[in-house]
Amino acid sequence: MTEGTPSAAVAEALRLLARRPLTEARLRQRLEQTFSPAAVEEAVERLKALGYLDDRRFAQVWAAQRERHRPKARWLIARELVEQGIHPRIAQEAVQGGDDAVLARRCAQQWAPRLQGLPRTTFLRRLYAYLRRRGFAPSLARQVALEVWQQTSLEAPRA
């Protein structure tokens, strides 16, 4: 670790944040590898004051991206946020208002095309297992798997 100046720490932090958003905790970890604790603290405070570092906004964006592109149960998204260094209360706020049933359906509909042509029991078993791995409750996973099976079997062309 070098002492470094706070302005050098700010410059490095901006370079890191330009690549991808980071939580305050992750940014601190990265900066502490190179800069003194005092320089890191001043850099973090400066970036927070400028609005470049906001854990609440990070959590909201992360949760929205997960819900849209890689749906998972809300509790699992919150756990990911905590692992990223977000305070548990902020993580819960970020996933609040979401509906696991909607997320499970979106998740199942994204996965179902890979299961096309499989027998009913195999389709249901694999989709159920996939939904469970994504953190959805057993009853919800079962219900959604059946709904998606019925939907895809109705849409399937008849021979």
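**Salt bridge notes**

I started with E80, which forms a salt bridge with K72; their closest N and O atoms sit 2.3 Å apart. This is a predicted model, so I keep in mind that side-chain atom pairs count only at pLDDT 80 or more.

Next I looked up R79. It makes a salt bridge with E83, and here the closest N and O atoms are 3.7 Å apart. That still counts, because the cut-off is within 4 Å. Where do R79 and E83 sit? They are four residues apart in helix α5 (residues 74-83), so about one helical turn separates them. I checked accessibility too: R79 is partly exposed at 44% relative accessible area, while E83 is exposed at 51%. E83 gets the label "exposed" because that word means over 50%.

Then I went to R105, which forms a salt bridge with E147, with 2.8 Å between the closest N and O atoms. This pair links distant parts of the chain: R105 belongs to helix α7 (residues 100-111) and E147 to helix α9 (residues 138-155), 42 residues apart. R105 is partly exposed, with a relative accessibility of 28%. E147 is partly exposed as well, with a relative accessible area of 28%.

I also found a network: salt bridges with shared partners join E24, R28, E41, E45 and K48.

Last entry: how many salt bridges does the structure hold? I noted down 13. A reminder to myself: side chains of opposite charge can pair when their charged atoms come close.

Technical notes: Residues are numbered from 1 along each chain as its sequence is written. This is a predicted model: local features need pLDDT of at least 70, side-chain atom pairs count only at pLDDT 80 or more; totals for chains, interfaces and linings use all residues. Side-chain values use heavy atoms; hydrogens and water are left out. A salt bridge is a side-chain nitrogen of Lys or Arg within 4 Å of a carboxyl oxygen of Asp or Glu. Helices (H or I, at least four residues) and strands (E, at least two) are DSSP runs, numbered from the N terminus. Buried means under 20% relative accessible area, exposed over 50%, partly exposed in between (1.4 Å probe, protein chains only).
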